Amino acid sequence: MVQRCLLILIAITWAACRASEPAEELDIAPDAVTHTVWTDRTEIFYERPPMIAGGDSTVWVVHVTRLAGYRPESEYSVRVELTGPAFFASDAVHTASPGIYHPKVYVESPGEYDAVLVIGDVERVDLGVLHVYESTEALPEHVVDSGGSIHMSKEEQWTIDFAVVQATERSVQSSLEVSGILEPATTHMAEIVAPVSGVLRVEDNSDMPSARSMVDVQEILATITPLAQETSYAAAKSTEERNARTVARLRELYEVQAIPEWRLIEAERALDVARSVLRAMDTTGGQSSSQYTISLFAPIGGYVTERAINAGDVVDVGQLLFRITDPSELWLRLYLHMHDVEHAGEISYVAFTVEGADKLYHTRSLLHVGSAISTATRTLPVTLSVDNPHGMLKVGMFADGRAFIHGETSGVTVPVDAIQIEDGQSMIYTQTGGESFVRRQVVLGPTDGAYVIVEQGVSTGEFLVTDGAYHVYLASLSLEGTGDHTH
């Protein structure tokens, strides 16, 4: 507790000191007028004394910030032009210090003037209507800041990573934070087992592919010499050949009406049975390399992820010999938490990264939504397909990303970076003027990971702090949250 109080005291002292550091001493009247104008590329924040007609020239303090990179303008000069009962143009002035200008403005006649700040020859910024009064007695009553805003000087903003953006109306596709693992697609994976018992003779298997090697579809993986048993492949092939010869002989006899038809029909049935037995044992599609050996062919192209045998081994029927994976398609297995389960069937795609890389990948289609919640993890498995034509993704990689839901929601949106979590609450810092900010609690809606809909707390067009929000938070701790500002 003592340590936390000490840290807060240090932050308050730091923020107060930074807020009071002058870039250049220049007295500004306590009743000074401050105003901020934003364009697509520039922010103008200026302070000036009240304008009295026919009086002495007044010195304005004008801050010019380029929104791209949020840096002070220092390349161009500026001047003030007033158009109304008379016309006035101040002399062009260069920066007193980066981003700060001190033009001298003089007005002879009272009235309302359209004020424009001319920045070099590249931009004219409308500053709005300027009121010039006849005398000091005609000045309106000065309104003192109630102290509800947070003060942070332009000089401090310029020295840190700082940025503001406008809240805008847009459509957002809802999304969920997800994580998962890449698995081989079962449609792109094959296991090759021994169709018969036999021997992998060394002379027939010298070119057997090794584990992690690439094989093409229909490439020979291994050659089995069946064992000489009654139920062996050799016996089945011999039976099939004998029945084939019998059918051929009986068909000739039947054609000359030397035998009845039923004898031919029985012989043909026996041949069909023998061929069925042979097909059940021969998974190579009849592509045996010789009459009594079986060559096993790769049913798909891909990587040999497992080889369970070596040349010279004796194998049993049904024994696993090879496992092949085609990496051109993988499956992303997600595990949705309970509060996201209701959206499982609405997922259109997932954008994700894998461990050790920043590249963004996208899934192709939703394949399967689990029907049961895991009692151990309280999650629901969801599977999506992922194209992987160049093999950059590997089986077993962990993935983190966002699952996007069908349909969009429209509303006031802000960048996710503008949302700050403080004491478990979602907060934003709104820039109400060049050096003034307001802290607000907001109610959030759907997000696509980059932008989030704000259902309550922000209006369209307001400027929100994205980079540098923590520094504004520190400034809010200052005991001098508001106060006079000098340059």
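Me: How far apart are the closest N and O atoms in the salt bridge of Arg66 with Glu123?

Reply: Let's begin with the general idea: side chains of opposite charge can pair when their charged atoms come close. A salt bridge here is a side-chain nitrogen of Lys or Arg within 4 Å of a carboxyl oxygen of Asp or Glu. For Arg66 and Glu123, the closest N and O atoms are 2.9 Å apart. Arg66 belongs to strand 5 and Glu123 to strand 12, so-called distant parts of the chain, 57 residues apart. Strands (E, at least two residues) and helices (H or I, at least four residues) are DSSP runs, numbered from the N terminus.

Reply: A word on the source. This is a predicted model, in which local features need pLDDT of at least 70 and side-chain atom pairs count only at pLDDT 80 or more, while totals for chains, interfaces and linings use all residues. Residues are numbered from 1 along each chain as its sequence is written, and side-chain values use heavy atoms, with hydrogens and water left out.

Me: Is Arg66 buried or exposed?

Reply: Buried means under 20% relative accessible area, exposed means over 50%, and partly exposed lies in between (1.4 Å probe, protein chains only). Arg66 and Glu123 are both buried. Arg66 also forms a salt bridge with Glu73, where the closest N and O atoms are 2.5 Å apart, and Glu73 is buried as well.

Me: Which residues are linked in a network with Arg66?

Reply: Salt bridges link Arg41, Arg66, Glu73 and Glu123 into a network. The structure holds 19 salt bridges. Another one of them joins the side chains of Glu177 and Arg402, at 3.7 Å from N to O. Glu177 is in strand 15 (residues 168-184) and Arg402 is in strand 29 (residues 398-415), so this pair ties together parts 225 residues apart in sequence. Glu177 counts as exposed because its relative accessibility is 64%, whereas Arg402, at 17%, counts as buried.

Me: Now the rings, please. How many aromatic pairs are there?

Reply: A pair of aromatic rings is described by the distance of the centres and the angle of the planes. Rings of Phe, Tyr and Trp (its six-membered ring) pair if their centres lie within 6.5 Å; planes under 30 degrees apart count as stacked, over 60 as edge-to-face and the rest as tilted. By this rule, there are 7 aromatic pairs. Trp38 and Phe463 form a stacked one, with 4.2 Å from centre to centre and 20 degrees between the planes. This pair links distant parts of the chain, since Trp38 is in strand 1 (residues 33-38) and Phe463 in strand 35 (residues 463-465), 425 residues apart. Trp38 is partly exposed because its relative accessibility is 23%, and Phe463, at 10%, counts as buried.

Me: What about the pair of Tyr470 and Tyr473: what angle lies between the planes?

Reply: The angle is 35 degrees, so Tyr470 and Tyr473 form a tilted pair, 5.8 Å from centre to centre. Both lie in helix 5 (residues 469-476), 3 residues apart, about one turn of the helix. Tyr470 counts as exposed at 53% relative accessibility, while Tyr473 counts as partly exposed at 29%.

Me: Where does Tyr70 lie?

Reply: Tyr70 is found in the loop between strand 5 (61-66) and strand 6 (71-72). Its phi is positive, about 45 degrees, although Tyr70 is not a glycine. With 1% relative accessibility, Tyr70 counts as buried. Ring pairs also link Tyr70 with Phe162 and Phe437 in a cluster.

Me: Last topic: what is the order of the strands in the open sheet of 5 strands?

Reply: Strands of a sheet pair through backbone hydrogen bonds, either parallel or antiparallel. Two strands count as paired if DSSP finds at least two bridges between them. The order in this open sheet is 3-12-11-7-8, with mixed pairing. Strand 3 (51-52) and strand 8 (87-89) are at the edges with a single partner strand each, so one side of each has no neighbour in the sheet. Strand 3 pairs with strand 12 (residues 123-133) in the parallel sense over 2 bridges, and the bridge partner of Ile52 in strand 12 is Tyr133.
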